Amino acid sequence: MDHLIATNMRAQQEMAQRLNLNLTDLMCFTCVLKAGDNLLTAGDLAEHARVTTGAVTGILNRLERAGYVTRRPDPTDRRRVRIAAQPAAVTRVLALYEPYYARLAELLAGYTPAEVTVLQDWFTRSGQLTSDYLEELRERNQATGKTT
């Protein structure tokens, strides 16, 4: 398990470098992609990515300069902006990730439907366990006043 986690961390670092992004910026861009047509506000993005609102401003500035996102006025609140992915950036990211996802799909095709169901359950539950544990750590740090 440790090997899988470490390998995936290295892979994400490599993907970010190939896209001329740092890992946090790539993570934020994937949050924007995941939101799809339901465009995020900067505050939404900060919450999804678990970064401060101050940090998200710098992240958005870098992503915008690099051509990954654009800021659009919120149609219901002129004080807010919404974050949209630039189509050319989506194309670049998909070109990098799609061959990897195709290989994962090929790997999964070797399992029975019942085995895939078990794998999906495990990944869903372990992902939730990780999120819950991270939240617990954050709450513990807040209670003690620690920032790390």
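The legends below describe close-up views of a predicted model.

Residues are numbered from 1 along each chain as its sequence is written, and side-chain values use heavy atoms, with hydrogens and water left out. Because this is a predicted model, local features need pLDDT of at least 70 and side-chain atom pairs count only at pLDDT 80 or more, while totals for chains, interfaces and linings use all residues.

**Figure 1. Overview of the helices and strands.**
The protein has six helices and three strands, in the sequence pattern α-α-β-α-α-β-β-α-α. Helices (H or I, at least four residues) and strands (E, at least two) are DSSP runs, numbered from the N terminus. Taken along the principal axes, the box filled by the C-alpha atoms is roughly 50 × 45 × 30 Å. Of the 148 residues, 21% count as buried; buried means under 20% relative accessible area, exposed over 50%, and partly exposed in between, with a 1.4 Å probe and protein chains only. Among contacts (heavy atoms within 4.5 Å) between residues at least 6 apart in sequence, 48% join residues at least 24 apart.

**Figure 2. The three-stranded sheet.**
The strands form an open sheet in the order β1-β3-β2, with antiparallel pairing. β1 (40-41) and β2 (69-73) are at the edges and have a single partner strand each, so one side of each is left without a neighbour in the sheet. Two strands pair if DSSP finds at least two bridges between them. Two bridges join β1 to β3 (residues 81-85), and five join β2 to β3. Helix α4 (residues 53-65) lies across β2 and β3 and runs at about 115 degrees to β2. Axes are lines fitted to C-alpha atoms, for helices over the stretch in contact, and angles run from 0 to 180 degrees between N-to-C directions.

**Figure 3. Thr 41 in strand β1.**
Thr 41 is located in β1, and its bridge partner in β3 is Arg 82. With 7% relative accessibility, Thr 41 counts as buried. Apart from neighbours within four places in sequence, Thr 41 is in contact with Asp 74, Arg 80, Val 81, Arg 82 and Ile 83.

**Figure 4. The largest pocket.**
The largest pocket holds about 2200 Å³ of space. It has 38 lining residues, of which Asn 8, Gln 12, Phe 123, Gly 127 and Thr 130 are the closest to its centre. Two or more lining residues come from each of α1 (2-18), α2 (23-35), α3 (42-49), α5 (87-109) and α6 (113-144). The most come from α6, with 12 residues. By class, the lining has 23 nonpolar, 12 polar and three charged residues. Ala, Val, Leu, Ile, Met, Phe, Trp, Tyr, Cys and Pro count as nonpolar, Asp, Glu, Lys and Arg as charged, and the others, Gly among them, as polar. On a 1 Å grid over the protein atoms alone, a pocket is an open set of points with protein on both sides within 12 Å along at least five of seven lines, whereas a cavity is a set where a 1.4 Å probe fits but cannot get out; lining residues have an atom within 4 Å of a point. Grid points are joined across faces, edges and corners, and a volume is the space filled by probe spheres set on the points.

**Figure 5. The second largest pocket.**
About 150 Å³ of space lies in the second largest pocket. Its lining consists of Ala 46, Glu 47, Arg 50, Val 51, Thr 52 and Arg 138. Two of these residues are nonpolar, one is polar and three are charged.

**Figure 6. The loop between α3 and α4.**
Arg 50 and Val 51 both lie in this loop. Arg 50 is not a glycine but has a positive phi of about 60 degrees. Val 51 is partly exposed, at 21% relative accessible area. Leaving out neighbours within four places in sequence, the contacts of Val 51 are Thr 24, Ala 46, Val 56 and Ile 59. Thr 24 is 27 residues from Val 51 in sequence, and their C-alpha atoms are 9.1 Å apart.

**Figure 7. Asn 20 between α1 and α2.**
Asn 20 sits in the loop between α1 and α2. Asn 20 is exposed, with a relative accessible area of 69%. Its phi is positive, near 60 degrees, in a residue other than glycine.
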